Amino acid sequence: MAILFCQFCKKPELKLEIFLIFVLIMNQNGVISERLNGILSILIPPICLIRSCYHKRWKGLPLCRSCLRKLHPIQKDVCHHCGVPECNDSHEFWEFSFDRVRSLFLLDPVLSGVIHGFKYNGLKRNARFLSAFARYQYGLKNYIEEYDSLVPVPLHPLKQRERGFNQATLIARSLSSFSGVRCDKTSLNRRKYTKTQTRLSGTERVENINSAFVLNRKTTIQGKKLLLVDDVFTTGATSEECAKTLLTGGASSVGVITLARTGLNTDVDDYGLELELAGSFLT
Ligand SMILES: [Zn+2]
Ligand SMILES: [Zn+2]
């Protein structure tokens with residue numbers, strides 16, 4: 001593509017190609033709405049949503065085939081308690097109030113890109129896409145079905161207004177739609193406007209999140225088994241604080257499920273999912 005110059009005034013002309021590239025960049029940054037994106041995709045073949053990857057998407061999925069292959073699902077020989085594959089720990093000394101935790105993927109650069117896409121750029125389809133993987137992960141449906149309700153980790157009302165949605169609720173809704181377990185987004189509220197946990201150390205995270213959650217007075221969680229839903233599990237500080245609040249309110253037990261997990265020093269499958277299944281993810 002060459003930039004052409006007007007033969008009269010010598011200024012560069014805005015060519016259609018330049019406009020389309022501008023649109024593509026805007027689209028990757030989430031500036032363009034999903035509806036407008038749908039219209040544009042008729043004109044421009046949709047590209048992979050991973051930043052600076054301009055490959056064509058694979059079979060209607062938001063990623064190209066090569067990025068899809070870079071995802072690391074955690075699904076084989078997963079420990080019933082800590083969710084780590086091939087764990088040898090008996091967990092005699094379990095440090096958390098929640099009974100167990102399971103995550104769908106290892107947090108790697110590709111997954112970070114997808115999560116960043118929906119969390120900060122409002123690409124809600126990314127959350128639906130990732131949650132849809134749960135349908136095909138071994139034992140995941142049974143894991144979810146053991147609970148009475150899915151409880152998304154709430155955002156502070158101010159942050160939710162800024163962002164326009166709660167990413168954990170999007171994930172919980174998606175998990176609810178294929179498992180049939182109801183999504184309870186009203187019982188747990190966040191009363192403290194906390195700093196983002198991303199750059200904090202373990203102790204700072206605990207301090208930052210301390211007493212951040214409160215129960216809705218009208219909640220009916222007494223005696224219920226609740227599955228807490230979040231996007232990323234790092235040290236477990238947020239999940240712990242939520243679990244403590246839910247258990248104090250009378251929940252009989254709390255489990256955790258997240259899209260991603262950090263800090264696993266273990267080899268997970270390079271690509272454990274069948275690519276043929278991918279075509280039906282968004283149905
Ligand atoms: Zn890609
Ligand atoms: Zn374990």
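Trainee: Is glutamate 86 buried or exposed?
Mentor: This is a predicted model, and the count comes from its C-beta atoms. Glutamate 86 has 11 other C-beta atoms within 10 Å, so its class is exposed.

Trainee: Where is the place of glutamate 86?
Mentor: Start with the backbone. Glutamate 86 has a positive phi, near 50°, and is not a glycine. Most residues other than glycine have a negative phi. As for its place, glutamate 86 is in the loop between helix H3 (65-69) and S1.

Trainee: What is the phi of histidine 91?
Mentor: Histidine 91 also lies in the loop between H3 and S1. Histidine 91 is not a glycine, yet its phi is positive. The value is about 60°.

Trainee: How many helices and strands has the protein chain?
Mentor: Step back to the whole chain. Of its 283 residues, 38% count as buried. Take the contacts between residues at least 6 apart in sequence: 70% of them join residues at least 24 apart. The elements number 11 helices and seven strands.

Trainee: How many residues of strand S7 are buried?
Mentor: Strand S7 covers residues 253-261. The rest of the structure largely encloses S7. Of its nine residues, the number buried is eight.

Trainee: How many bridges join S1 to S7?
Mentor: Strand S1 covers residues 100-106. S1 and S7 run parallel. One pair is serine 103 with threonine 258 of S7. The bridges between S1 and S7 number six.

Trainee: Which residue stands opposite threonine 258 in S7, on the S6 side?
Mentor: Strand S6 (residues 225-233) also runs parallel to S7. Eight bridges join S6 and S7. Among the paired residues, valine 229 has isoleucine 257 of S7 as its bridge partner. Opposite threonine 258 stands aspartate 230.

Trainee: Which residue in S6 does leucine 150 stand opposite?
Mentor: S6 is mostly covered, with eight of its nine residues buried. S2 pairs with S6 through four bridges, and the two run parallel. The residue of S6 opposite leucine 150 is leucine 227.

Trainee: Where is glutamate 146 found, and is it buried or exposed?
Mentor: Glutamate 146 sits in the loop between helix H6 (140-145) and strand S2 (149-152). The limit for the exposed class is 12 or fewer neighbours. Glutamate 146 has 12 C-beta neighbours inside 10 Å, so its class is exposed.

Trainee: What separates the C-alpha atoms of glutamate 146 and valine 181?
Mentor: Look along the chain, then across space. Glutamate 146 and valine 181 are 35 residues apart along the chain. Their C-alpha atoms are separated by 8.9 Å.

Trainee: What angle do the axes of H4 and H5 cross at?
Mentor: Helix H4 covers residues 109-119. The axes of H4 and H5 come within 6 Å and cross at roughly 135°. That makes H4 oblique to H5. The crossing is left-handed, and its angle is roughly 135°.

Trainee: Which residues in H4 meet H5?
Mentor: On the H5 side, the residues are Lys124, Asn126, Ala127 and Leu130. By class, the contact of H4 with H5 has four nonpolar, two polar and one charged residues. The H4 side consists of Val114, Gly117 and Phe118.

Trainee: How far apart are the axes of H5 and H8?
Mentor: Helix H5 (residues 124-132) packs against helix H8 (residues 167-179) at an angle of about 45°. That makes H5 oblique to H8. This crossing is right-handed. The axes are 9 Å apart.

Trainee: How many charged residues has the contact of H5 with H8?
Mentor: H5 brings Lys124, Ala127, Arg128, Ser131 and Ala132. H8 brings Gln167, Leu170, Ile171, Ser174 and Leu175. By class, this contact has five nonpolar and three polar residues, and the charged ones number two.

Note on methods: Residues numbered from 1 in each chain as written. Chains lettered and ligands numbered in written order. Predicted model: local features only at pLDDT ≥ 70, side-chain atom pairs only at ≥ 80, totals over all residues. Axes fitted to C-alpha atoms, helices over the stretch in contact; angles between N-to-C directions. Parallel < 35°, antiparallel > 145°, perpendicular 65-115°, else oblique. Left-handed = near helix turned anticlockwise from the far one by under 90°. Contact = placed C-beta atoms within 7 Å. Nonpolar A, V, L, I, M, F, W, Y, C, P; charged D, E, K, R; others polar. Buried ≥ 20, exposed ≤ 12 C-beta atoms within 10 Å, placed from the backbone. Pairing = 2+ DSSP bridges.
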